[in-house]
Amino acid sequence: MAKVLVVTSGKGGVGKTTSSAALGAALAHGGDKVVVIDFDVGLRNLDLVMGAERRVVFDLINVVQGDAKLSQALIRDKRLENLSLLPASQTRDKDALTEEGVARVLKDLREKFDWIICDSPAGIERGATMAMRHADVAVVVTNPEVSSVRDSDRIIGLLDSKTEKAENGDRIEKHLLLTRYDPARAERGEMLKVEDVLEILSIPLIGIIPESEEVLRASNMGSPVTLNNPSSAPGRAYFDAARRLKGETVELTIPSDKRSLLGKLFGRRAA
Amino acid sequence: MSLMSFFNRRTSAPVARERLQILLAHERGIVGGKPDLVAQLREEILAVVRRHVMVEHQNVQVKMNRDADISTLEIEVEIPGPTPVGAR
């Protein structure tokens, strides 16, 4: 049965789009049919991160308003044939997203895909509420940093009150994805630890993505980090998170990029 | 960074953790249904005091201070002094 998954955070810049693309590609790599939808109307970027920016013709708003068919707006990934993208509109504003329209598009997508990943915009306004509205599962992307944790707490509150599931008395499945984590700094007491964030937010952990140069490298290339460099630390961490989303039990480790001693000594400075 | 400050440096993550715990305990309370506790307290306290003494709205100060273990509510009511004899 198809699952609608929202990738959300409240705060901007914590890695929602990176995570949507990476998890989408990881799930598709495992054989599932996946579509990733950009809900950031007016500031779309998922197309760029996934390397499809030159192939956008129609978008989510066109489909919501009936100006284009779903099949016309869906962009199939060039690397993985079972991965698709539904881009956001760059010219319209978020009010064009009607609840009924979004519900209808998601209903159609549920028939074609196993996973429908909704990449939420930052904030708690219409785009963000529409992205979470019909979700079955939520991945809350959080950085180990005070403002991100606070905003995640707020978003968890909204997931428990403003989603369709919550209004029907159901509980939405929520998972924490801790991104940009630096185990060495956490160990030195310079960064909130995994346990700190877990204790404060009290939702189960789906993965820890270590801070890594590979993430920027992948977005430069227009490729999800799980495809651009699957064996990199963030690549492996996202693959593990995707397996946990599918219900597998995967031991929780924080992968690290392999570095030679010389690389350790000089690598950071050069970056 | 001087050598002294390097050795004296206290870790910042525990501070972040404690600040978040206090803040979120409060913010979750707000979402739970008491939108503006301090303003409401101010109005009700003013009403009680006014049954006995006439005080102006601006002369009632209500402050809430939240801490990890205890929170304090500070109420300051400025009561007008006796009317000067000459004023009658």
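These legends walk through several close-up views of a predicted model.

**View 1. The sheet of chain A and the order of its strands.** Welcome to the sheet, which is open and has eight strands. Reading across, the order in chain A is β3-β4-β2-β5-β1-β6-β7-β8, and the pairing is mixed. The edges are taken by β3 (75-76) and β8 of chain A; each has a single partner strand, so one side of each is left without a neighbour in the sheet. As a reminder, strands of a sheet pair through backbone hydrogen bonds, either parallel or antiparallel.

**View 2. Strand β7 of chain A and its two neighbours.** Here we look at β7(A), which covers residues 173-181. On one side, six bridges join β7(A) to strand β6 (residues 137-142) of chain A, and the two strands run parallel. You can follow this pairing residue by residue: Val137(A) has Glu173(A) as its bridge partner, and Ala138(A) stands opposite Lys174(A). Four bridges link β7(A) to strand β8 (residues 205-210) of chain A, again in parallel. In that pairing, Tyr181(A) stands opposite Pro210(A) of β8(A). Seven of the nine residues of β7(A) are buried, so the strand is largely enclosed by the rest of the structure.

View 3. Arg180(A), in strand β7 of chain A, has a positive phi of about 60 degrees although it is not a glycine. With a relative accessibility of 42%, Arg180(A) counts as partly exposed. Ser202(A) sits in the loop between α10 and β8 of chain A, and its phi is also positive, near 40 degrees. Ser202(A) is exposed, at 58% relative accessible area.

View 4. Helix α1 (residues 16-29) of chain A lies across β1 (3-8), β2 (34-38), β4 (83-86), β5 (115-119), β6 and β7 of chain A. Relative to β5(A), helix α1 runs at about 170 degrees. Helix α7 of chain A lies across β1, β6 and β7 of chain A, at about 165 degrees to β6(A).

**View 5. Where helices α7 and α10 of chain A meet.** The axes of α7 (residues 146-159) and α10 (residues 194-201) of chain A come within 10 Å and cross at roughly 35 degrees. The crossing of α7(A) with α10(A) is right-handed. From α7(A), the residues Val149(A), Ser152(A), Asp153(A) and Ile156(A) meet Val197(A), Ile200(A) and Leu201(A) of α10(A). This set of contact residues comprises five nonpolar, one polar and one charged.

**View 6. Asp136(A) and its surroundings.** Look for Asp136(A) in the loop between α6 (126-133) and β6 of chain A. With a relative accessible area of 14%, Asp136(A) is buried. Its side chain makes a polar contact of 3.3 Å with the side chain of Arg110(A). Setting aside residues up to four places away in sequence, Asp136(A) touches Ala2(A), Lys3(A), Val4(A), Arg110(A), Lys165(A), Ile172(A) and Glu173(A).

**View 7. Gly51(A) in its loop.** Our last stop is Gly51(A), in the loop between α2 (46-49) and α3 (60-64) of chain A. Gly51(A) counts as partly exposed, at 39% relative accessibility. From Gly51(A) to Ala166(A), the C-alpha to C-alpha separation is 35 Å in space, and the two residues are 115 residues apart in sequence.

Note on methods. Residues are numbered from 1 along each chain as its sequence is written. Chains are lettered from A and ligands numbered from 1 in the order in which they are written. This is a predicted model: local features need pLDDT of at least 70, side-chain atom pairs count only at pLDDT 80 or more; totals for chains, interfaces and linings use all residues. Side-chain values use heavy atoms; hydrogens and water are left out. Buried means under 20% relative accessible area, exposed over 50%, partly exposed in between (1.4 Å probe, protein chains only). Two strands pair if DSSP finds at least two bridges between them. Axes are lines fitted to C-alpha atoms, for helices over the stretch in contact, and angles run from 0 to 180 degrees between N-to-C directions. A crossing is left-handed if the near helix is turned anticlockwise from the far one by less than a right angle, and right-handed if clockwise. Contact means heavy atoms within 4.5 Å. Ala, Val, Leu, Ile, Met, Phe, Trp, Tyr, Cys and Pro count as nonpolar, Asp, Glu, Lys and Arg as charged, and the others, Gly among them, as polar. A polar contact is a pair of N or O atoms within 3.5 Å; within protein, one must be able to donate a hydrogen and the other to accept it, and residues adjacent in sequence count only if both atoms are side-chain atoms.
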